[in-house]
Amino acid sequence: MRIDIHTHISPDRIAAPVLEGMTAQFGYQAVGINTIDGIKSHMRASGVDKSVVLGVVDRLEHIKPANDWLISIQDDMLVPFGAIHPDMDDMPGEVRRLRDAGIKGVKLHPMVNQFFPDDPKMFPLYEELGDDMVVEIHSGRWAHTKPEDTVYSPPNRIMNMIRQFPKMKVVCLHLGGFYMLDEAEKELIGKDNVIIDTTWPPELKEVGTDTLAAIINKHGADKVCFGTDFPLADMAKDSQFIESLPVPDAAKERILGENFRELAGL
Ligand SMILES: [Zn+2]
């Protein structure tokens, strides 16, 4: 089974402005349409069976409606993960609501929501996530982050969170450190209880064959999952790049789907 564990889509009526905002902010070209129909046609064309749709919400008052929509789109192809905002009154309560509705995990975005993952105010959330819900967390910075900007999710602070909640199923996105691969290698790569994903827009190829193969070999292919950031990167191109790597075929199959299927119980 092939699974893209990192995608972003929106309800039809707001999808176009959201996509415009995304492509303007990051400077990447969209490779598809960020709607339910758009992602499903991209998945069919790319040979991807399931996509994890990550909830990311900037404003507190949008959390509940966003999560209501994510709950409603669950089906054979789409595996939505709930959005969490650090200023919510009751983060554990929202996790229980998501879990009861069949949701398998949450997305944390410290860069968008401006919090440090190892801030004790987040601990009640981690307690509630327990050892069943999966957490996908943005790791590293952005391509456009300036030296004076605060990096809320550097690899060392993520590792500090994982150390304190070793049973939590944490996936550190962007190879553990977007535009911070040296720090990721030092802090996260090869460590226990750390899972990483391969999301690297606009194209995973930019990481380079040798670097990506070295990360996979050091970290262990059983703890690496395929992700893209669709609609900012192409599922077919990025999965073909993984298939082209000088690692065993069995490892590629695990990365392209099996690891996450087991992790999330799909
Ligand atoms: Zn993303």
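Student: In this predicted model, in which sense do strands β3 and β4 pair, and over how many bridges?

Tutor: Strand pairing is read from the bridges between two strands. Here β3, residues 78-83, pairs with β4 in the parallel sense, and two bridges link them.

Student: Which strand do four bridges join to β4?

Tutor: That strand is β5, residues 134-137, and β4 and β5 run parallel. In β5, Glu136 stands opposite Lys107.

Student: Are the residues on the two faces of β4 buried or exposed?

Tutor: A residue counts as buried when 20 or more other C-beta atoms lie within 10 Å of its own. In β4, residues 105-108, both faces are covered. Gly105 and Lys107 are buried on one side, as are Val106 and Leu108 on the other.

Student: What is the order of the strands in the open sheet, and which are the edge strands?

Tutor: The eight strands follow the order β1-β2-β3-β4-β5-β6-β7-β8, with parallel pairing. The edge strands are β1 (3-7) and β8 (224-225), each of which pairs on one side only.

Methods:
Residues numbered from 1 in each chain as written. Predicted model: local features only at pLDDT ≥ 70, side-chain atom pairs only at ≥ 80, totals over all residues. Buried ≥ 20, exposed ≤ 12 C-beta atoms within 10 Å, placed from the backbone. Pairing = 2+ DSSP bridges.
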